[in-house]
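I want to look at one strand and its neighbours, then at a pair of helices.

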Amino acid sequence: MKASIQISQNESHFPQIRDKLHAKSIELEFYGIDPKVQCIKQVELFFNRPTHLSLNLSIAETQYCHQQFINESHDIALALGFKPNATPTSSTLIILGLGAGYHVPALLNKLNYIDVIIIEQDQKLEALGRFNIDLETIENECKARGGNLKLINCKSYSDFLDSLASYSSNRSCGIFSDISLFRHYNCQLFDKIYESFKEWRNSFVSLWGFMEDEMMSLKHSSQNIKSLKNFKTSDFSFLESHKALIVGNGPSLDLIIDDINKFNGIVVSCGTSLPSLLRKNIVPHIHVEMERSKDGYYIKEDYLKSPLLKNTLLITLNTVYHKTLLAFENRLVFFKANDITTEIIKKEHAITPLYYSNPTVTNTAISALVSLGVKKFVLSGCDYGFVDEEMHHCKHSQYYNERDALSRCRFTGQHYVLGNQTERVLTTRIFNESRKAVESLIQINPDLSVENISNGALINGAIPTKELKQNSIPFSFSLFEKSLKKINNLNHINFTFKNNLYRCCEILNSHIKDLEKTRTLNELKSTLSNFINGLESNSNEREVMLVLSGSFKYIIFGVFNHTNHIPKDKKEDYFLNIKPILCAIVTKIKTEILSYCKDRS
């Protein structure tokens, strides 16, 4: 049941409720009948079929410190009655609409909601809710439970996302481990938030990184030092008159692959689309790589070393495995934004980091070419989803070769998004974040012309098309020669990082002492949350934040997840058991960072 009222977003003004009679007149205007009865019935119906998302961190065999904590704490949680698929014993609650307000205390009486975030877009209804219920008492109750109450006035979907990001930054990313979403009434804004629930929740728990990944970045950047050069993107201004075909490895590449050799623009292969093209005797002008793991190299080694690529230009990031660079005579290395090495180098050299290069290789390709001056793009095989879970990549790719390690990969769609050539497609958390990064890049570069020939997710800002159109000016690789000679003559960039890593260890020493002082579960959660908040709010030590924050986000997310699904009377037992494990893991993080410093002596 829900109140069948539509609220206009432009008729809001902030009134004062004069008395009960005035309140009743507003209730009659919006509800028609007794709002208290409606609110209580709506809560009862909600708990019969709640709109709720839980995200459980998986157990995995790995040497990563944060995963070791998750594994060990998971075993403790299981022994204490952890039931990840059962109704949570505590959770976050987001309420879409304060309205008359009677549903708010009713919801809190039904479940141990800790963090309660109320979104209201109509000031008259906000005033009514404040008049009818005691929000201060509810706030105190939330704080007693270890959380807080936040009332946010939003006018747009972006307002909602920004406000939620601000709240979670101050509070904890752990609030996203369990969320109930209660829609009190319908309006355009609330319907958008409700329908996009899984999408925005997934965005808030994505792309955290972790300590070992940043150490790998430092290692690879050190090995790639001779290729780290501060070249001028203006040297490639000739690219503005050429069209680039970005070739992802999505299933719809099959629909266009036979036409690519006829295309007279710049052919750009991305990651695993390279083998797909080479098997069809298509040689790209540019190949793009961004995976930092050495597995990303060895899984394609035979293709990367193909003599067909002798003239192909490699575009990549400073973080990649060094053998990837050595496979190409011609290469451009960009400095990855939000990377520890880039942050360190930025303090001494006037470099331009490459933004929007994550989370997939097509993001790196498009962003790098935009920075080089390309204005016209065609996206092919950039599906960011799939119609059929069994057909998740191009059929010519390594994913469908039984002798290849990639053939063991499985892809499961998490939710649907609008399709480019079809009504809708399934997408994953990473694919969806990749699509959104492309949309953001297009939005901030309004002079781009982007055609999307892929049969995948709809990309806002790109023009859906079914025909691979030719470029007015044919492209030849010889156009690159002059610019590449300039880059090869540049001196490489040196950098040192030990002081930054020693600073990480100093901060960890202090944090271990703070953790040891905690006496309750809520104190432990607050200490972890304050630690992450302190890292992210210190703009002078971003390199320290990049090393540490991701690992600790996984840790605190695990704590929230476990304690949301164990009996209330076992939560403090969980705290007593995990506290020494957590202190040991933080000590191990510090030890591994120190070990890395010694290895580089």
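This is a predicted model: local features need pLDDT of at least 70, side-chain atom pairs count only at pLDDT 80 or more; totals for chains, interfaces and linings use all residues.

I'm calling a residue buried when its relative accessible area is under 20%.

**Entry 1, strand 6.** I looked up residues 243-247 and found strand 6 mostly covered, with 5 of its 5 residues buried. Which way do they point? Lys 243, Leu 245 and Val 247 go one way, Ala 244 and Ile 246 go the other, and all of them are buried.

Next I checked what strand 6 pairs with. Strand 11 (residues 376-380) runs parallel to strand 6 and is joined to it by 5 bridges. In that pairing I find Val 247 opposite Ser 380. Strand 7 (residues 266-270) also pairs with strand 6 in the parallel sense, over 4 bridges. There, Ala 244 sits opposite Ile 266.

I moved on to helix 19 (residues 498-517) and helix 22 (residues 571-599), whose axes come within 9 Å and cross at roughly 170 degrees. Angles over 145 degrees count as roughly antiparallel, so that is how I log helix 19 and helix 22. I noted the crossing of the two as left-handed. Helix 19 brings residues including Leu 501, Cys 505, Leu 508 and Ile 512 to the contact, and among those from helix 22 are Leu 582, Val 586, Ile 589 and Ile 593. My tally for this helix 19 to helix 22 contact reads 15 nonpolar, 3 polar and 5 charged residues.

Notes
Residues are numbered from 1 along each chain as its sequence is written. Side-chain values use heavy atoms; hydrogens and water are left out. Buried means under 20% relative accessible area, exposed over 50%, partly exposed in between (1.4 Å probe, protein chains only). Two strands pair if DSSP finds at least two bridges between them. Axes are lines fitted to C-alpha atoms, for helices over the stretch in contact, and angles run from 0 to 180 degrees between N-to-C directions. Angles under 35 degrees count as roughly parallel, over 145 as roughly antiparallel, 65 to 115 as roughly perpendicular and the rest as oblique. A crossing is left-handed if the near helix is turned anticlockwise from the far one by less than a right angle, and right-handed if clockwise. Contact means heavy atoms within 4.5 Å. Ala, Val, Leu, Ile, Met, Phe, Trp, Tyr, Cys and Pro count as nonpolar, Asp, Glu, Lys and Arg as charged, and the others, Gly among them, as polar.
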